[in-house]
Amino acid sequence: MDVLTPLKTLSLSIQKRHSTVAGLQAFILSACDAIRKYKTSDGPYLREVSGKDSFCDQKLSGNLASFEAVRGKVVDGIQDTLAHRFEDANPEAVKATVIADFNQWPQKESQDEEIQGYGDAYIQQMVSHWRYNLEANDISIHEVEPEWTALKTHIYQDHGNELNLLNWQTVIGKYGSTYPNISALIDLVLSLSPSSTDCERGFSQMKLIKTDIRNKLSNQSLTDLMTIKLEAPDVGEFDPTDSIHLWNKSGKKCRYGVGKGMSEAAQLHVDLGEPSAALLEGTSTMQEEDSQSVHHMSESDFSDEGDYMEESTTGTILETADI
């Protein structure tokens, strides 16, 4: 039971979103250190049952000599398995991926020299290690380092007080077009999944989405729904403004209240991403037009008995139907 505690901590760390290879390696080393001491010393769970004949109404059997031998083998086996986790990877390249974890960055209150020099050696190591991949994708390796320095300055100026809440999706979305080369390198680092957790999470969501009663979902629809489930922010954090604006402007026909009966000023509001004011104006205009088109229809146009209708009334009804 004692060795399960550090393994549980390691497992929960692996399952976190946006975890990096370097971050996982640090958790593995700490787990190995925590497990190693249980080879020769008793943990809290073992001390609780040591010297007792029963535990939780269950009789304990066996002898201490055989237990000591088995305990050593279990600890050695666990350590050996964890130590070979990244044995086929370049250790320096793995260590360099730590820059993708904002929790490992120096705090804004740190010395200026520490912040200015942070990550420079890691960037050089990664450029050297993945040089072929970067050049094959038209990435200018000579511009990566200057862009890293400039991007780092922007991050500390705009988000220095909330680094622990920042993610690369936000950063690349904001600065990716300005610093394309370092953004491509960061994308490469983030694509290195430290475990199969994301794959398992994807299969789990796919089973929840494509059920027996939704077995005709197309591949594209399934992909879109899974992307929303896996990548979209929580409902409480989601800002629907951009989505509403995109929905208003997309489609073969204009959405109700957008485009039809709208002035140029109202349409400009839509183009600028301000659909609410435009919708109100467009809807009001449509309502006025509808009221005018049926205004000439009075109650006297219809017969009380319903036996017949005046010719003028029939014409009005046909005009209304055409509308």
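View 1. Leaving aside residues up to four places away in sequence, Thr197 touches Ile14 and Gln15. The model shown is predicted. Thr197 belongs to helix α12, which spans residues 197-209. Its relative accessible area is 14%. Buried means under 20%, so Thr197 counts as buried.

**View 2. The packing of helices α9 and α11.** Helix α9 covers residues 144-159, and helix α11 covers residues 180-190. Their axes lie 7 Å apart and meet at an angle of about 90 degrees. The two helices are therefore roughly perpendicular to each other. From α9, the contact involves Val144, Glu147, Trp148 and Leu151. From α11, Pro180, Asn181, Ile182 and Leu185 take part. By class, this contact has six nonpolar residues, one polar and one charged.

**View 3. The buried residues of α11.** Asn181, Ile182, Ser183, Leu185, Ile186 and Val189 are the buried residues of this helix. They pack against four helices: α7 (120-129), α8 (131-136), α9 and α10 (168-175).

View 4. In soluble globular proteins, nonpolar side chains tend to be buried together.

**View 5. The surroundings of Trp105.** Residues up to four places away in sequence are again not counted. Trp105 then touches Ile99, Tyr118, Trp148 and Lys152, along with Ile155, Tyr156, Leu163 and Trp168. Among these neighbours, Trp148 also takes part in the contact of α9 with α11.

**View 6. The whole protein, for context.** The secondary structure comes to 17 helices and two strands. Of the 323 residues, 29% are buried. Among contacts between residues at least 6 apart in sequence, 63% join residues at least 24 apart. The protein exposes about 22100 Å², and carbon and sulfur atoms supply 52% of that area.

Key: Residues are numbered from 1 along each chain as its sequence is written. This is a predicted model: local features need pLDDT of at least 70, side-chain atom pairs count only at pLDDT 80 or more; totals for chains, interfaces and linings use all residues. Side-chain values use heavy atoms; hydrogens and water are left out. Buried means under 20% relative accessible area, exposed over 50%, partly exposed in between (1.4 Å probe, protein chains only). Contact means heavy atoms within 4.5 Å. Accessible areas come from the Shrake-Rupley method with a 1.4 Å probe; for residues, only the protein chains shown count as cover. Axes are lines fitted to C-alpha atoms, for helices over the stretch in contact, and angles run from 0 to 180 degrees between N-to-C directions. Angles under 35 degrees count as roughly parallel, over 145 as roughly antiparallel, 65 to 115 as roughly perpendicular and the rest as oblique. Ala, Val, Leu, Ile, Met, Phe, Trp, Tyr, Cys and Pro count as nonpolar, Asp, Glu, Lys and Arg as charged, and the others, Gly among them, as polar.
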